[in-house]
Amino acid sequence: MGHALGPGQRRPCRRDTDGSRCRREDRLKVPRARCASSPDEQGWRLVRSDDVTPALVAGIDSSTQATKVVVCDAGTGEVVREARAPHPDGTEVDPERWWEALRAATSDGILDGVSAVGVGGQQHGMVALDEDGQVLRPALLWNDTRSAGAAGDLVSDLGGPEQWVDAVGSVPVAALTVTKLRWLAEHEPETAARVAEVVLPHDWVTARLRGADRVRPGTARTDRGDASGTGYWSPHEDRYRLDILRLALGRDVGLPPVVGPADTVGEAPGGMLVSAGTGDNMAAALGLGLEPGDVVVSLGTSGTAFAVHDRPAADPTGAVAGFADASGRFLPLVCTLNAARVLTAAATMLGTDLAGLERLAQQSAPGAGGLVLLPYLDGERTPDLPFASGTLGGLRRGNATPENLARAAVEGMLCGLADGVDALTAQGVPVRRVLLIGGAARSTAVQVVAQNLFGVPVDVPPPGEYVALGAARQAAWAVAAQRGQAELPAWSHRPAVSLRPDDPAAGTRVREQYQALRTAVHPTTRREGRSEPAT
């Protein structure tokens, strides 16, 4: 979908060849007079027509790092406009910053003429609201590990990992919302006592899209995909586990109702439909059009490996989170805290940039001369080592070169995700190909290593905002559902770069030396079962 945009920038409609603004009335085949004559209070204009099928839908990715917006042809999924604006860095943030970023990204009319919009948001974030809908404290994000101790306590309080898997499909780690609520109750009891409702980032943004200046209790809605990442909603029972909410916070509070995947939750000022929205990984699955046998390995701020599946996961080791997806199925997922930023850190160590790191890595052989990096630079979620740090092993005088360090960084980042793919396989998830996405997936060095590391074909889809694209596809589904069309719209996908293993034995050796160092440094990560790549 082209090069990344700068803060507040938008990409014009591809069909606008003379450089002027996209002619919405031509595109929708309605007379100019049918366009709204002035922006609504959000600054967006809706093309109104009673006899023409709406042609444009929008998706918003409210991620850790930025708000990204795409506007798509509702029939084909072709991206015709896109924009972005940054979020502040950190592991906690005032949700109002998300809203400001969305306003900045849409300030020049990118949503004009859009009939429906959906939001894909970073999962797990705790947004605590008082009885007037005011945010009580900065939202604790998924990558905030201060609740690691609370996670361990909660596991014990319910009776152990098996009891958690039976209840909600996932074993608590610091990322899950339920652990953040326990931390709040223990460390900020006065704030905890004022909580009237708890919502997730996508819930909050979606509610604000409907025109309110705050998210008053009872007005937010969520979906089963994002709800399944809280730790107090059960994917296999399709209900909140209020007993677990009380276990974490000590009392009942309001929670947003869970709506269906094709439901509409309201309208933005001006009449634009607002779909249910979902979590970012669930939206990415929609945007990529995943089929059984496809496993996504995403290399962004975090690393994830996930797939759509017809039954919920139940992994008492805690490696696989048993999430729901955004289509009525399930989304078993493995997450690592350390992904693309491992490469950035390695480049800094070597006094170069990412392009320089890529050149160096390609000058080293598979296995990096025996040099191995455990890339737990920000602690780690999978394996559950929130207080760990990175480890460089196998260092000898003969392999202490910049090229080997660069290669070890790439291999270490990907080995953690390859372990995640194995964990999915152990849950009965078929793995016939890996789809490699995210910023780091564009690296030639990453693609070269991945080709043999996973043991199955690897496809690299074209660069794109797949979370936002999936949110837009959900919005198109909501429009179709209002017209009695129950099926998720089928969108076309551009061809991917296909990589077939040409030396799988080399990939096996890389993984074996990585696993040997991991279990030596962190014995609790030793697992029964195979150590070779998935087949």
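Colleague: In which hand does α13 pass α14, left or right?

Modeller: First, a note on the source: this is a predicted model, where local features need pLDDT of at least 70, side-chain atom pairs count only at pLDDT 80 or more, and totals for chains, interfaces and linings use all residues. Residues are numbered from 1 along each chain as its sequence is written, and side-chain values use heavy atoms, leaving out hydrogens and water. Helices (H or I, at least four residues) and strands (E, at least two) are DSSP runs numbered from the N terminus, and a crossing is left-handed if the near helix is turned anticlockwise from the far one by less than a right angle, right-handed if clockwise. By that rule, the crossing of α13 and α14 is right-handed.

Colleague: How are α13 and α14 oriented towards each other?

Modeller: Two packed helices are described by the angle between their axes and the distance between the axes. Axes here are lines fitted to C-alpha atoms, for helices over the stretch in contact, with angles running from 0 to 180 degrees between N-to-C directions; under 35 degrees counts as roughly parallel, over 145 as roughly antiparallel, 65 to 115 as roughly perpendicular and the rest as oblique. For α13 and α14 (residues 444-453), the angle is about 45 degrees and the axes are 10 Å apart. The two helices are therefore oblique.

Colleague: Which residues of α14 meet α13?

Modeller: A contact means heavy atoms within 4.5 Å. On the α13 side, the residues are Arg 407, Val 410, Glu 411, Met 413, Leu 414, Cys 415 and Ala 418. Their partners in α14 are Ala 445, Val 446, Val 448, Val 449, Ala 450 and Leu 453.

Colleague: How many nonpolar residues does that contact of α13 with α14 have?

Modeller: Ala, Val, Leu, Ile, Met, Phe, Trp, Tyr, Cys and Pro count as nonpolar, Asp, Glu, Lys and Arg as charged, and the others, Gly among them, as polar. The contact has no polar and 2 charged residues, and its number of nonpolar residues is 11.

Colleague: What about α12 and α13: at what angle do they pack?

Modeller: Helix α12 covers residues 354-361 and α13 covers 402-426, with axes 7 Å apart. Leu 357, Leu 360 and Ala 361 in α12 meet Pro 402, Glu 403, Ala 406, Arg 407 and Val 410 in α13; by class, that gives 6 nonpolar, no polar and 2 charged residues. The angle between α12 and α13 is about 100 degrees.

Colleague: How many residues of α7 are buried?

Modeller: Helix α7 spans residues 201-209 and is mostly covered. Its buried residues include His 202, Asp 203 and Arg 208.

Colleague: Is Ala 368 buried or exposed?

Modeller: Ala 368 lies in the loop between α12 and β21. Its phi is near 50 degrees, a positive value in a residue other than glycine. With a relative accessible area of 0%, Ala 368 is buried.

Colleague: And what is the relative accessible area of Asp 238?

Modeller: Asp 238 is in the loop between β11 (233-234) and β12 (239-240), and has a positive phi near 55 degrees. Asp 238 is partly exposed, at 48%.

How values were computed. Buried < 20%, exposed > 50% of the residue type's maximum accessible area, 1.4 Å probe, protein only.
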